[in-house]
Amino acid sequence: MKIDVVSDEAIILYVSEQFNEHACAMVQYLSEQIAALPELVVYDLIPAYHSLMVIFDPFQHQHFQVINAVNKLLQQAKTQTALAQLASGQASTKEIILPAYYGQEVGWDLAAVATTLGLTQQEVITLHHKSRYQVFAIGFAPGFAYLGKLDKALSIPRLASPRLKVPQGAIAIAQRQTAVYPQQSPGGWHIIGRCPQPLFNPNMSPPIPFSVGDTVKFRPIDQDEYIALGGTL
């Protein structure tokens, strides 16, 4: 593990040199364990693909104290069953089921994606919803989860020119990842459908339904159910 100082109140932990599923699980585990340390006043924990930023109270702790606490946690974890489960991919996480409408009127790029990849539109839809995706990171916008890995047959580069406005709920793919735009924003991924379920509500606790390490499954729905669930065309 590599630990870097990034500011007067933050350090970042790199659990491996490159991303893999085990690294993601380790980030999830460390985030939970650091948050529970009674000797640290932690303001925020920001997990990503293979890193974890720890933001702490600089008036109560110096960098070396936080680093020592993290190293002590890692030494203790080596003998814990939880870490062994993480290493073998058996860590318990929750699964979120998201309704997905793949209609032409909301799947703006569905036809183009199918043509580019040499697939039918139904094959694109089936390949997308049959997989279970892991939440690798949450960022870009509140509630925007980077999900992977996408089936190799659906791997496609991002759009050459990003759109200025991507609608809330747009289900999109790029490279080996998929995502749902939680609110209207710019975006450069290929839109193949839309999800009517809100993914960010600051008045709820928690404000987003998933965390790094969780799994996401898309459930295909028809237009009637999409509208009934609050979707718009």
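The buried residues of helix 5 pack against helix 4, strand 6 (132–138), strand 9 (170–174), strand 10 (177–180), strand 12 and strand 13; contact here means heavy atoms within 4.5 Å, and buried means under 20% relative accessible area, with exposed over 50% and partly exposed in between (1.4 Å probe, protein chains only). This is a predicted model, in which local features need pLDDT of at least 70 and side-chain atom pairs count only at pLDDT 80 or more, whereas totals for chains, interfaces and linings use all residues. Residues are numbered from 1 along each chain as its sequence is written, and side-chain values use heavy atoms, with hydrogens and water left out. Helices (H or I, at least four residues) and strands (E, at least two) are DSSP runs numbered from the N terminus.

**Helix 5 and helix 4**

- The residues of helix 5 that are buried are V124, I125, L127, H128 and H129.
- The axes of helix 4 and helix 5 (residues 121–129) come within 8 Å and cross at roughly 95 degrees, where axes are lines fitted to C-alpha atoms, for helices over the stretch in contact, and angles run from 0 to 180 degrees between N-to-C directions.
- On the helix 4 side the meeting residues are L110, A111, V113 and A114, and on the helix 5 side they are Q121, V124 and I125.
- The residues of this contact of helix 4 with helix 5 divide into six nonpolar, one polar and no charged, given that Ala, Val, Leu, Ile, Met, Phe, Trp, Tyr, Cys and Pro count as nonpolar, Asp, Glu, Lys and Arg as charged, and the others, Gly among them, as polar.

- Strand 9 and strand 10 run antiparallel and are joined by four bridges, two strands being paired if DSSP finds at least two bridges between them; A172 has A179 in strand 10 as its bridge partner.
- The hairpin of strand 9 and strand 10 has two residues between the strands, and in this hairpin Q175 takes a positive phi near 55 degrees.
- Strand 10 also pairs with strand 7 (residues 145–148), in the antiparallel sense and over two bridges, with L147 standing opposite T178.
- Q177 and A179 point one way from strand 10 while T178 and V180 point the other way, and all are buried.
- Strand 13 pairs with strand 5 in the parallel sense over seven bridges and with strand 6 in the antiparallel sense over three bridges.
- K217 in strand 13 is the bridge partner of I97, and K217 is likewise the bridge partner of R132.

**L98 in strand 5**

- L98 lies in strand 5 and, at 1% relative accessibility, counts as buried.
- L98 and C195 are 97 residues apart in sequence, yet their C-alpha atoms are 6.9 Å apart in space.
- Leaving aside neighbours within four places in sequence, L98 is in contact with V180, C195, Q197, L199, V216, K217, F218 and R219.

**Two buried aspartates in loops**

- D214 is found in the loop between strand 12 (190–194) and strand 13 (215–221), and at 4% relative accessibility this residue counts as buried.
- The side chains of D214 and K94 are joined by a polar contact of 2.6 Å, a polar contact being a pair of N or O atoms within 3.5 Å of which, within protein, one must be able to donate a hydrogen and the other to accept it, while residues adjacent in sequence count only if both atoms are side-chain atoms.
- A polar atom of the D214 side chain also lies 2.8 Å from the backbone nitrogen of S211.
- Not counting residues up to four places away in sequence, D214 touches T93, K94, I96, Y133, Q134 and V135.
- D109 has its place in the loop between strand 5 (95–101) and helix 4 (110–117), and it counts as buried at 9% relative accessibility.
- A polar contact of 2.7 Å links the side chain of D109 to that of R163, and beyond its neighbours within four places in sequence D109 is in contact with R163, W189, H190 and I191.
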